[in-house]
Amino acid sequence: MADYKLMKGNEVIAEAAIRCGCDGYFGYPITPQSEVMETLMLKKPWEDTGMVVLQAESEVAAINMVYGGAGCGKKVMTSSSSPGISLKQEGITYIAGAELPCLIVNVVRGGPGLGTIQPAQSDYFQAVKGGGHGDYHLIVLAPASVQEMNDFVGLGFDLAFKYRNPVMILSDGVIGQMMEKVKLSEVKPRWTDEEIQKISGSWATTGKKADRDYNIITSLELDSAKQEEFNHKLIAKYNTIKENEVRYEMIDCEDAEYIIVAYGSSSRISQKAITICREKGIKVGLLRPITLFPYPTKIIRELATRVKGFLAVEMSAGQMVEDVRLAVNGKVPVEHYGRLGGMIPTPNEVVSALEEKIIKVK
Amino acid sequence: MDVKDIIKPENLVYKKPSLLTDNVTHYCPGCSHGVVHKLVAEVIEEMEIQEKTIAVSPVGCAVLAYNYISVDWQEAAHGRAPAVASAIARLMPDKYVFTYQGDGDLASIGAAEIIHAANRGEHIVVIFINNGIYGMTGGQMAPTTLEGMETATSPYGRDIALHGHPLKITELIAQLPGTEYVTRQAVHTPGAVRKCKRAILKAFKNVGEKKGTQFVEVVSTCNSGWKLNPVKANEWMVENMFPFYPLGDLKG
């Protein structure tokens with residue numbers, strides 16, 4: 001029987017981790033996501049599934065613990081919020097460079113610097129365009145509900161192991177803190193040593209076996225020609241991901257003259273905004289990117305051939321809008337509307353922005 | 001007597017440990033790393049734990065340690081080896097996990113990671129090579145650089161007023177209740193090499209018995225960084241390093 005609960009987004013991350021057979025969580029407290037580790041510590045999964053939960057001395061240590069665990073072929077994860085995610089960038093680029101699968105959750109708050117503890121979407125560039133040094137990409141999932149906080153933990157691990165690539169759930173303080181009804185995932189046992197051997201034994205440090213050479217987890221290559229070859233291998237992987245893993249949702253786009261593009265909590269607000277627009281007789285649709293990398297470029301390009309304009313709604317000074325513009329490539333106007341610093345836009349503000357910036361209503 | 005009459009199995013008194021690979025070493029002639037690598041390989045071989053050992057290499061000269069010892073390795077970010085090793089040891093408690101770190105890696109950029117891993121009593125062995133200098137990057141001042149010692153970034157000698165004091169991190173580590181065995185060794189004489197091997201063996205045995213963090217410092221030479229030939233470097237180490245970093249067990 002399905003297990004329905006009323007839960008906070010952050011609590012659901014913890015619950016979903018245990019249920020999907022996660023081997024280890026390593027974190028450091030930061031608002032607005034501390035409930036993830038609090039929930040795990042309260043549930044004591046080490047007594048039940050054997051999952052390791054450890055409060056690290058810093059975000060830097062936590063992400064390097066994830067590196068260590070992922071290097072052993074284990075399902076490991078960390079969570080944090082914006083300033084903490086900045087600290088983790090060193091480890092994230094090493095993880096990408098060593099091609100390790102893992103899950104990183106960012107419950108975004110406003111910045112720059114210590115900024116605010118209120119929700120924002122101002123870490124889009126950091127999550128989608130790299131974040132740390134070197135040419136690499138994370139697979140980035142953007143949940144818009146507590147249900148998706150649950151679903152994307154399992155999906156995130158699946159994609160991480162499918163491509164041996166770090167996956168980020170780019171959430172925000174709204175999704176992390178709000179409570180909604182959620183259908184919890186089926187309980188899956190943790191992988192056995194034999195299963196890990198089968199899935200990751202060819203590269204993971206599970207202890208040298210007599211029938212194989214020893215495995216090395218590293219991101220170091222001193223020979224430039226070999227490093228370039230490796231960079232090309234990464235590019236090929238990212239191209240495969242772009243080909244196979246684009247996910248998005250379209251609401252009322254069939255007859256739409258205008259499209260709002262929004263992800264995460266902004267998409268929830270924008271959904272109300274398109275209802276208001278429809279009541280006013282303006283045909284507006286919503287395109288909600290679910291994967292931010294890979295980005296739903298193709299569908300936006302297609303829509304650009306039949307709509308009059310796009311409005312990117314995001315709680316940032318204008319980050320994702322650049323990817324909408326790249327997709328639209330000048331065919332029709334693309335504008336941005338956003339609130340900053342932890343302020344959350346209202347549906348009416350979104351409607352007004354659409355009318356003023358795109359429809360040009362006098 | 002022909003040489004073939006001498007090279008016979010019954011005359012064998014010393015051999016290269018089977019875990020040491022045939023890769024050509026990148027270490028400078030006279031560097032202590034080679035000897036310590038050999039000791040670690042011997043200990044793992046003698047304990048028959050090759051399949052149970054996971055090693056973590058640092059950033060610094062020993063970044064390529066994974067080229068030389070035939071066990072599974074992870075190469076950690078600068079200073080983070082104890083965090084990486086903490087996770088490995090917790091997720092795979094049947095394994096022998098060790099880090100191999102230099103003084104820049106462990107005592108400077110990774111000071112937080114080693115102190116907290118040791119304070120949690122993580123079941124790991126830490127091999128800490130202290131030569132008082134950054135070797136890989138070309139001989140810059142380390143936290144362990146002695147007062148007055150000339151390096152690329154303290155060309156007029158380490159001035160305490162300007163650069164602060166040399167850090168006795170091992171003394172600090174020894175105070176932490178999570179550590180069980182903390183010792184300071186060297187490999188400059190055959191006797192010292194034998195003692196150092198006993199220390200590494202003890203550390204690995206202890207970690208197998210889940211006795212907490214095992215910490216073996218090896219005061220070492222850096223001929224290139226110190227700009228001394230191997231013999232002179234050993235003499236300089238005895239005269240200058242040992243008075244400030246005295247050899248012996250600090251704990252356990």
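**Fold and domain contact**

Modeller: In chain A, among contacts between residues at least 6 apart in sequence, 78% join residues at least 24 apart; two residues are in contact if their C-beta atoms, placed from the backbone, lie within 7 Å. This is a predicted model, in which local features need pLDDT of at least 70, side-chain atom pairs count only at pLDDT 80 or more, and totals for chains, interfaces and linings use all residues. Residues are numbered from 1 along each chain as its sequence is written, while chains are lettered from A and ligands numbered from 1 in the order in which they are written.

Colleague: Why does the radius of gyration of chain A agree with that of a compact globule?

Modeller: The radius is taken over C-alpha atoms, and the globule rule is 2.2 Å times the number of residues to the power 0.38. For 362 residues the rule gives a value near 21 Å, so chain A agrees, its own radius being 21 Å.

Colleague: Which element gives the most to the side of domain 1 of chain A that touches domain 2 of chain A?

Modeller: An automatic or database assignment sets the domain bounds, here domain 1 (3-193) and domain 2 (248-359) of chain A. The contact takes 25 residues from domain 1 of chain A and 21 residues from domain 2 of chain A. Elements supplying at least two residues of the domain 1 side include strand 7 (166-172) and helix 8 (173-177) of chain A; helices (H or I, at least four residues) and strands (E, at least two) are DSSP runs, numbered from the N terminus. The most, 4 residues, comes from helix 6 of chain A.
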